[in-house]
Structure formats: structure tokens, C-alpha cells
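Please find below my notes for a colleague who is meeting this structure for the first time. They are set out as numbered points, to be read with the model at hand.

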Amino acid sequence: MRRSDRSKAEVERETGATIGVYDASFEVFEGEIFVIIGLSGSGKSTLLRLVNRLIDPTEGHILLDGEDLAGMSMKRVRDLRRKKMGMVFQHFGLLPNRTVLSNISFGLEVQGVSASEREKKGMEALHMVGLDGQENKQITELSGGMKQRVGLARALATEQEVLLMDEPFSALDALIRRDMQNLFLDIQGEIKRTVIFVTHDLDEALRLGHRVAIMKDGEIVQLGDPEEILTNPADEYVERFIEDVDYAKVRQVDAVMVEPKEVAYESEGPRVVLRRMRQAGMSSIFVVDGERRLVGVCEAEDVARLAERGENSLGDAMDRSPKSVGRETPLRDVLPMFVEDNAPVAVVGKQGRLKGVVVRGSLIAGLTTGGDENGTDGESLDGWRDEEGAMARDAASGGLPRSGADSGDGGGGPA
Ligand SMILES: Nc1ncnc2c1ncn2[C@@H]1O[C@H](COP(=O)(O)OP(=O)(O)OP(=O)(O)O)[C@@H](O)[C@H]1O
Ligand SMILES: [Mg+2]
């Protein structure tokens, strides 16, 4: 039906059957990162799974070093998967009752590598992903980002030439995701595997891909290097996808937010808070409750006035409707919030918890750099690129990771 030009939707309506992937032809070169991108349901995972025969193609060929995986015996396919093709899944695929190191060397175990060799290669891979010292931890003790590193290390340890990666970073926070992308590029620069990488994030595709295939309704609608795709979108669908590269429109708060340098707890008194603000050089501070939910913001002058009057509560100094946004707010909606003053904007999560702050300097850098390496994400935690950023940092309560160990108990102990 599709061949006689009926659309995927029509076929689905009339038969109840879905076209997973249709007529997709492409070549992947040795050592390249080949990215497959497309909306949800466009067939990316199906295509990836066809490559290593987790799904059987109804027709066509899958050639690896001249050998056709289509129609190959499952025994030989398993052999190829062990020796030549690894896969990193979105949800890690880790074994919860094993340690970090034995998870990393699991692939080698399957390959029948000796215990001493496994340990050696496992430790090398552990080092590559920056998990030194964590080898004996249980998987359950790790954060999401660390688990993802373990998943990556496992794929790296096995020296399989081809790595298939299905949205490996999409479960991660924006900041950690950016770190992982950089880490992955660093490692890839040295080991030069051949990678097929699935994502639905255009930023990620353009950053990682040597070439990018765009999928729609099970078909590849464009294939080219990032530059070609941006300058010469093949059809309207691609163009609409690409329009999203208008960063001011698409980039979100979580790409430019930083950790609040300090916060005040609503149970704390003005003298404690004032002292903390002075030490950190802040002119305003966000106030949270014992569960780190945002309740207000205080200016240093007002806190000082209360302290002079000998008051015990922050109440009178607190503005109970601070500037705040959700993590997924587009940056263009945040810019107007800095028109009247340069005070930082609070970023709150679903339960109203304070997740970070946006300061004017990082926002502007985020709008103008388009989120490349020199942007503000991640890096902004320990450095600011421009004078404006430095000024904003001084004026604001954001910009650096928390250095002190204070106030973590939520109860407002001595500063
Ligand atoms: N196990 C399945 N059984 C039936 N249909 C499926 C199955 N898996 C996927 N499909 C269908 O095949 C098509 C392609 O799905 P696929 O999972 O490859 O999309 P995707 O591009 O990876 O999407 P996402 O970004 O959401 O992961 C969709 O129409 C989907 O409904
Ligand atoms: Mg998928």
C-alpha cells in the first residue's frame, strides 16, 4: 500500500498495521557519529534495532564489513553482537545486584574474557568516564548521571567497533546531559568507534553528529552533515524541525540556570541571613521553607533594617512574590523579567522547590551563543565569559556552586 503511494496514516487506518521503517537506505562510515533524529514515533528505535536484528527486517540488507545480517542465523548474529556491535540503552540496562566494576566488565564476561583482563579493561573504562574510586559501589547507590556513565563505560570496555546508542542521554538533566555529551565527544575523539546515535533533541544531533538523518513516518527524509541540514532543509517537515534552532525560542531555562549561591530558610533570623549574604557578596537572597520550596526573596537593605531593629524573623523583609519561572520556560519569555531590574529569577520545580536561578549575564550568553561549548551551560558553574556576567553575578544571588555546607539541614543552624 505504501508503495502505491498511500501514506503511513492511511495504511494504519485501513489495516491497523504500522509502518515501522520504510525504504530507509544509508551508509555509515568507519569512525563517524551518525545521528538519527525525528519526532516520537518516527521509527528511530525501530531502525536502530533493525541494524542489530533485535527486529527482523521484512526485506532489505544490513551489511557489516560485507556480511549481511538480514537472513543470517541467530547464532551468527549473537556472535556479531558480542564481538562487533554494542548497544547503550536509554534506561541503562544495568544489573542492580552487581557492583559498578562488574557491570562495566559484564560485556567482557559475556565474551569470555579472563577475569584479570576483565578487571584491567574494566578499570580503564571506569577511568575514561571519570568514575575512579566508585568501582565497588552498588548500582543502587548511584545517581542517574553516574549510572549513565557506567552504561557508557560498559560499551567502551568491550572494544566493539560499532556502538548503537538509543537516546542514551535523554533521561538526564540538561546540565548533566551537556557534560555527558562533552565526555562522550572527548572519549570518542580517542577511541574512534563507529556510532549510530538516536536522539530527538536537535541541539544534541547537531553537536554530536558528523552526519544526521532525519526521519518522518518511518522514512529518512533528509541525510546530510549538520551544516547542510541547517542551510538547505530538504522539505517543509525538515524546515519546521530546523526552525527550532532559533535558540531564543527553543532553549529553555534549564539550559542556563545555575545553582543559587546561598539561600535563606524562612525560619532563620535576619542577623544570620545578613551575615551569609555579606560573606557571599549578595544583594538579594531567595527564601525557602524546610523542604526547599520557594517562599520569597529578601533584599539585603531590608534584612539589615530588621537586624538593626532586633527582630527575630525575616517576615517583614520578605517579598512573597519573587520573580520565578519553571525549568522549561523558553528563554525569550525570561528576558522581559530583567527589564526593570537585574535581580535574578528563581527556577522552581513541580513541587515549588527551588531548583536554580537565572542571572542576567548567563541568560544573555545563552541567547546569543546558541549553546555551543562556549555557552553558559555547565561551564557557567565555575566561570563567566563576559563582564556583564561578572557584574550580574556580583549583583545577584547566583553564579557559583554553593561552597559552604550550611543550611543543608533546612533548619537554619548557625551560619
Ligand atoms: N513493539 C511494537 N509493536 C507495534 N508497533 C510498534 C512497536 N514499537 C514501535 N511501534 C510503532 O512503530 C513506529 C515507530 O516507533 P519507534 O519506537 O521506532 O519510534 P521512535 O522514533 O523511536 O520514537 P521515540 O522517540 O518515541 O522513541 C511507531 O508508529 C510505533 O507506534
Ligand atoms: Mg525510540
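1. How many bridges join strand β10 to β11, and do the two run parallel or antiparallel? Strand β10 (residues 284-288) is joined to β11 by 5 bridges, and the two run antiparallel; strands here are DSSP runs of E with at least two residues, helices are runs of H or I with at least four residues, and both are numbered from the N terminus. Two strands are said to pair if DSSP finds at least two bridges between them. Within this pair, S284 has E299 of β11 as its bridge partner.

2. A word on the basis of these notes: the model is predicted, so that local features need pLDDT of at least 70 and side-chain atom pairs count only at pLDDT 80 or more, while totals for chains, interfaces and linings use all residues. Residues are numbered from 1 along each chain as its sequence is written, chains are lettered from A and ligands numbered from 1 in the order in which they are written, and side-chain values use heavy atoms, with hydrogens and water left out.

3. For the chain as a whole, 18 helices and 15 strands are found. Of its 415 residues, 47% count as buried, where buried means under 20% relative accessible area, exposed means over 50% and partly exposed lies in between, with a 1.4 Å probe and protein chains only. The chain exposes about 20000 Å², of which carbon and sulfur atoms supply 46%; such areas come from the Shrake-Rupley method with a 1.4 Å probe, and for residues only the protein chains shown count as cover. Among contacts (heavy atoms within 4.5 Å) between residues at least 6 apart in sequence, 62% join residues at least 24 apart.

4. Returning to β11 (residues 294-299), this strand is mostly covered, with 5 of its 6 residues buried. In the hairpin that β10 and β11 form, 5 residues lie between the strands, and R292 takes a positive phi near 65°. Strand β11 also pairs with β12 (residues 318-319), in the antiparallel sense and over 2 bridges, and there C298 stands opposite M318 of β12.

5. Strand β6 (residues 194-199) deserves a separate look, since 6 of its 6 residues are buried. In a regular strand the side chains alternate between the two faces of the sheet. Here T194, I196 and V198 point one way from β6, V195, F197 and T199 point the other way, and all are buried.

6. Around ligand 1 the surrounding residues are K8, T18, L39, S40, G41, S42, G43, K44, S45, T46 and E167, a residue being near a molecule if one of its heavy atoms lies within 4 Å of it. Helix α2 (residues 44-51) gives the most to this shell, with 3 residues. By class the shell has 1 nonpolar, 7 polar and 3 charged residues.

7. Which atoms of S45 lie 2.8 Å from an oxygen atom of ligand 1? They are N or O atoms of the S45 side chain, one of which is found at that distance. A backbone N or O atom of S42 lies 3.2 Å from a ligand 1 oxygen atom, and a polar side-chain atom of E167 lies 3.4 Å from an oxygen atom of ligand 1. The protein covers 52% of the 630 Å² of accessible area that ligand 1 has on its own.

8. Most residues other than glycine have a negative phi. D5, in the segment before α1 (8-15), has a positive phi near 70°, and D5 is exposed, with a relative accessible area of 66%. D65 lies in the loop between β2 (63-64) and β3 (67-68); the phi of D65 is positive, about 45°, although D65 is not a glycine, and at 57% relative accessibility D65 counts as exposed.

Notes. Polar contact = N/O pair within 3.5 Å; in protein donor to acceptor, adjacent residues only side chain to side chain. Nonpolar A, V, L, I, M, F, W, Y, C, P; charged D, E, K, R; others polar.
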